[in-house]
Amino acid sequence: MIYPSLPPACYTDESWFERERENLFGKHWLFACLTQQLRSENSFVTRTLGGVPVLIQNLGGELKAFRNACPHRAAALQIEPYGNRKIICPYHGWSFDHDGKLRGIPLGTGYNFSEEDKRCMDLQPYALATIGSFVFVNLSETPKPVTEQFSNDLILLLEELSPWISLEVSYTTFSGNYNWKLNFENVAEGEGQHVPFVHQYSLAPAFKAEELSPPPPSYLFRSDGPLANICINKKQMWMSSIKPWKEEELIDVRDVSYIKRTALPYRPRWYSALMDSCDRGWYFACHIFPNVNLSVVAGEHIFVEQFMPLAPGRTEFHSWALSARLKKGVRPMPHMLWAYHHGEKHVVDEDIAVFESVQKVLAAHPENAGYLGENERSLAAFDRYVLQCLTEKETKS
Amino acid sequence: MNKSLLIAGPDSTLRSAYALALEACPQYRIEQLFIPSTDYYLFDLSGFGAFPPSEWDICIAVNEFYINDVRRAFHEATEKLGYRSVSLISPRATVDQSVTIGENALVFAGAFVGAGGTIGHHAVLRPNVFVGEEVNIGNYVTLEANVSIRELVRIGDFTTICANSSVLRATSIGAHCYLNLARQYMGVIPDSTFYSPMFENPVRVINSFLEEETS
């Protein structure tokens, strides 16, 4: 079975990129941050999602999203990537309340605004949804319910996983010269086919089958637990759940976020006794449409990766590293999360070197971008759904 | 001090600390003891049996990559055995008399520490470190060789600054930072900030002190 891949122009052309911003990033729920970053009153995160500056802030205990731009002179209301600060524009000091309504203007009389003038100076809100610790924002004026984008299984998994994740989170960003879709397609491969080649000495040895002993019992996926019946192909753990589709059939967006799980040889480390792991002896991943990869290694290492497009050939990689929930009284261990982050970056750098070489070939416009086989059905479905969005066909709901 | 001095540690820093002790305390009997460890934190302390705390003071030397916390763990393990920790200041270092120096600090040759500052417990100042006046260096801090710290700087506990870096006047560096790029640092660097040659931007750990603050 051969599935077509996306035309090379989808990875390289400005016009496709603009369509992507509008039809894909402008209409879907996009991961923005973790609730760990927004625990206290006035804590905030700033992001650029699909080219739009977005501010996510804890206001009176509620998480809200606004366009991160002052209605006065378009200055960013919060400048740092994250922090804790009231919504006061750093440019001229305009301040806004918990609902994004204009609260005060210093030297206000000089502007001579009428009350009616001020009414159109509120912040532009965006829809926000939290699933466990995962915060999503939708830039559309008429956002679809989040349940129409993510399957019940995925939502349940994120909700059940969240209490097992540490409050401490190591966060950074870096960038590469490749299209963001190459990154999602890479993680969405049905069986991780690139791993033995691209990560021969880094990631691949961890999965060596000959070292595999029966995994310790998992708490998260225990047979009497809420995730016992979620859809992960039981025979081949790597395969995603998407079924073959007919030529005329449209792909449902809920089928292009995947859950994978496979046994992983487990060896306790010095930190293992300091944390409560929910899934020792296993590796599982959620590929969350459109651009997030969540990896959980032995329940002890949790990585959230997001591939944010900056330009057709440039991607900003956002990276969160977390551990399992630490036991009470365990002292801060930033060095442990940095060790996680270092290990992950080593693997990601190996991927990025490949993406950048692929990007160069695609930019030279070959006739097509390749062929996908049966074990890449998940990837083909992603490509097909992206094409559906970009060609503005109605998706089935 | 009538006791003998034992230099103990789980890594190769032991040798440089032993050399420093020979230089700093020529009047004492000095021995070095390598402590095997696995997975950073698991120390085999059985070697201490031959060195009773009634006869030996101790100076520990630990430099586990960027984990100054291992030094803390090793210190706590030896403290339980009943040893008294002593600091070592090279006779070829210049430390102003007004500087307060904590327990088990190591100040290597060529270091200069200006007036009015403090050097925390278990801090390590490697060769040729320059520290200006009124600088506050926390506990378990490591300043690698040739680091230059200007006046009025604050460095939080457990922070490491890599070799050949300089820190501008009145910079405030948080706790648990690992500044592993040789460059100039300035302004306010929050707790748990990690500069690494592997990352374009600093890596920061959010919430790492949350539990301490709320408890």
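Strand 11 (residues 165-176) of chain A pairs with strand 17 (residues 314-326) of chain A in the antiparallel sense, and the pairing runs over nine bridges. In this predicted model, strand 11 of chain A also pairs in the antiparallel sense with strand 25 of chain B, over three bridges. Strand 11 of chain A is also one of the elements that supply at least two residues each of the side of domain 1 of chain A that touches domain 2 of chain A.

**Strand pairing around strand 11 of chain A**

- Within chain A, A:Thr173 stands opposite A:His318, a residue in strand 17 of chain A.
- Across to the other chain, A:Ser170 stands opposite B:Val205 in strand 25 of chain B, while A:Tyr171 stands opposite B:Arg204, which also belongs to strand 25 of chain B.
- As a general point, the side chains in a regular strand alternate between the two faces of the sheet.

**Contact between the chains**

- The contact between the chains involves 25 residues of chain B and 24 residues of chain A.
- On the side of chain B that touches chain A, strand 25 (203-206) and helix 3 (210-214) of chain B each supply at least two residues, and strand 25 of chain B provides the largest share, which is four residues.
- Sorted by class, this side of chain B that touches chain A consists of 15 nonpolar, five polar and five charged residues.

**Domains of chain A**

- Chain A is divided into domain 1, which is made up of two segments (1-27 + 149-397), and domain 2 (29-146).
- Taken over C-alpha atoms, the centres of domain 1 of chain A and domain 2 of chain A are separated by 29 Å, and the contact takes 18 residues from domain 1 of chain A and 17 residues from domain 2 of chain A.
- Helix 2, helix 5 (152-161) and strand 11 of chain A each contribute at least two residues to the side of domain 1 of chain A that touches domain 2 of chain A, and helix 5 of chain A gives the most, with four residues.
- The residues on this side of domain 1 of chain A that touches domain 2 of chain A divide into 11 nonpolar, four polar and three charged.

**Helix packing in chain A**

- The axes of helix 2 (residues 14-25) of chain A and helix 9 (residues 377-390) of chain A come within 9 Å and cross at roughly 90°, and the two helices are therefore roughly perpendicular to each other.
- From helix 2 of chain A, the residues A:Trp16, A:Arg19, A:Glu20, A:Asn23 and A:Leu24 meet A:Val386, A:Cys389 and A:Leu390 in helix 9 of chain A.
- By class, this contact of helix 2 of chain A with helix 9 of chain A comprises five nonpolar, one polar and two charged residues.

**Domains of chain B**

- Chain B is divided into domain 1 (4-80) and domain 2 (88-197), whose C-alpha centres lie 22 Å apart.
- In the contact between these domains, 15 residues of domain 1 of chain B meet 14 residues of domain 2 of chain B.
- Helix 1 (13-24), strand 5 (56-60) and helix 2 (68-80) of chain B each supply at least two residues of the side of domain 1 of chain B that touches domain 2 of chain B, and by class that side has eight nonpolar, three polar and four charged residues.

Note on methods: Residues are numbered from 1 along each chain as its sequence is written. Chains are lettered from A and ligands numbered from 1 in the order in which they are written. This is a predicted model: local features need pLDDT of at least 70, side-chain atom pairs count only at pLDDT 80 or more; totals for chains, interfaces and linings use all residues. Axes are lines fitted to C-alpha atoms, for helices over the stretch in contact, and angles run from 0 to 180 degrees between N-to-C directions. Angles under 35 degrees count as roughly parallel, over 145 as roughly antiparallel, 65 to 115 as roughly perpendicular and the rest as oblique. Two residues are in contact if their C-beta atoms, placed from the backbone, lie within 7 Å. Ala, Val, Leu, Ile, Met, Phe, Trp, Tyr, Cys and Pro count as nonpolar, Asp, Glu, Lys and Arg as charged, and the others, Gly among them, as polar. Two strands pair if DSSP finds at least two bridges between them. Domain bounds come from an automatic or database domain assignment.
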